[in-house]
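The sequence and the coordinates are shown first.

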Amino acid sequence: MRYQNTYANLDTRLYHEQQPTPLDNPRAGHFNEQVAQQLGWTEDEELMDRWVEILGGQYVPDTFKPLSMAYAGHQFGQWAGQLGDGRGLLMAQVLDNDGQPQDLHLKGIGLTPYSRMGDGRAVLRSTIREYLCGHALTQLGIPSSNALGFVVSDTKVRRERMEAGAALMRVADSHIRLGHVEWIASFAPDVLGEFTDYMIDTYYPECRDSEMPVLAFLTAVVERTARMIADWQLIGFAHGVMNTDNLSITGSTLDFGPFGFMERFNPAWINNHSDHTGRYAYQNQPAIGHWNLNVWLPHFMRLEGVTRETLADCLAPYEATFMKHYQQGLCRKLGLPHEKESLTLAFEWLTLLEDNSLDYTNSFRALLGLVAPDEHPYEQHLLATMTMELDQQAQKVWQDWSICYLAQMELVSFEQAINDMRTNNPVYVLRNSMAQRAITAAEQGQFDEVDRVFKLLSDPYRAQDIAIDLDIAAPELNAAQMPISCSS
């Protein structure tokens, strides 16, 4: 691998150098060959032979420079003060096969100075959920951290019950969060200029060509964040805990806790068991992204040439960027051009889904069974299942809408429309029930179901023979979608 351990060269107040605390008897859970190849990991015989020891914290290659990061953040809208890597270590930074920076971050590997009241460990169930979700979002084409693999161990970890300790090697283009700047502003303001230069030079080098590189950088972060959240909304993904310490400066999805993929469509869905006010409900994610950036940006007023007015200009593109990306994506999901008539049909369609609690993923995919039934028998089945759930009044709404939709389809390129629908409406997302079945088997020492779900999510836009009916089954009508705890 091509190592580039630059974070360890920054001001030492920003991190704590330390070794991982090994897990007891680590064993292979799953290994992501695709990520390993992209990193160049597979080209190093030692890394391949000893990957379980490395992820278990028992062996640290000489080329690694493990450290825990300090950062702060706003959690549920309130200033939380110093946070930091409480159970994870940035083990190494590398350039991947495309020359892009990637962080190797080992999660669940012991106490750090930032652990607060935690034990520095992660349990198997949350490790599997993060492993599968990062993989799922990546294969869906949504910027996200991924993972090299995970291990399970004999180390016992107490949560609501005693559970098996595990560790995950998370791979992300950056682990710098909005909260890093918040920490610097509170505890080391003299470092802000140096750190901002580092963020620009490492992750946004194109901004150096701008007359005001700092402002160009801030605008780019705003726009990338807006596009990421639009991608979440389009696929029905709810992050669940959009604190400022959980948002990356690169607009890449980071930190999978109480996440969920929408099943029966309910924009007000709250998937975090601890979110009592619904702050991070699915429909609130775009506004929360804006709120987080609005809290983050003023810290840069310490830098020369950055004023409240110029920061307002940096934040201004957020709404337009989000709306354009979301609306274009919504039209592609229907196979229609980005026009007023298409958007009218799209929002009428979403209203139909919401009013009848239809499955979000299956219903969008089912439209292929309406547009080209002879070519899409699987989608025809989805369409039949969907329409059977509609009462008489809803059937009339559906019939009227489908007539208008098919009429609009006659005005566009059929081939292009089918391609857009196939490549923007997945057959499979990581439903909570899928993840839970994999977890249940893994807790019994069986990882075949983790592997099957992993393979299924590797090609989410195509119906596969390894799938079972439960992979696409929506919850019972009117059944509450399962909220997820932050406990991990």
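## Conventions

The expected span of a helix is 1.5 Å times one less than its number of residues. Helices (H or I, at least four residues) and strands (E, at least two) are DSSP runs, numbered from the N terminus.

The model is predicted, so that local features need pLDDT of at least 70 and side-chain atom pairs count only at pLDDT 80 or more, while totals for chains, interfaces and linings use all residues. Residues are numbered from 1 along each chain as its sequence is written, and side-chain values use heavy atoms, with hydrogens and water left out.

## Overall architecture

The protein contains 17 helices and 13 strands. Its radius of gyration, taken over C-alpha atoms, is 23 Å; the globule rule (2.2 Å times the number of residues to the power 0.38) also gives 23 Å for 488 residues, so the protein is as compact as a globular protein of that length. Along the principal axes, the C-alpha atoms fill a box of roughly 65 × 60 × 45 Å.

Buried residues (under 20% relative accessible area, against over 50% for exposed and in between for partly exposed; 1.4 Å probe, protein chains only) make up 60% of the 488 residues. Where a contact means heavy atoms within 4.5 Å, 72% of the contacts between residues at least 6 apart in sequence join residues at least 24 apart.

Helix α17 (residues 448-457) is largely enclosed by the rest of the structure, because seven of its 10 residues are buried.

Asp313 is located in helix α9 (residues 308-315) and counts as exposed, at 57% relative accessibility. Asp313 and Thr219 are 94 residues apart in sequence, yet their C-alpha atoms are 8.1 Å apart in space.

Helix α10 (residues 317-334) comprises 18 residues and reaches 26 Å from its first C-alpha to its last, close to the expected 26 Å. Its buried residues include Tyr318, Phe322, His325 and Lys333. Gly335, which follows α10, has a positive phi near 75°.

## Gln93 in strand β7

Gln93 lies in strand β7 and counts as buried, at 7% relative accessibility. Beyond its neighbours within four places in sequence, Gln93 is in contact with residues including Arg2, Tyr7, Asp103, Tyr198 and Tyr203. Tyr7 is 86 residues from Gln93 in sequence and 8.1 Å from it in space, C-alpha to C-alpha.

## Positive phi in loops

Arg116 is a residue other than glycine with a positive phi, near 55°. Arg116 lies in the loop between β8 and β9 (122-123) and is exposed, with a relative accessible area of 57%.

Asp255 also is not a glycine, and its phi is positive at about 70°. Asp255 belongs to the loop between β12 (237-238) and β13 (260-261), where it counts as buried at 12% relative accessibility.
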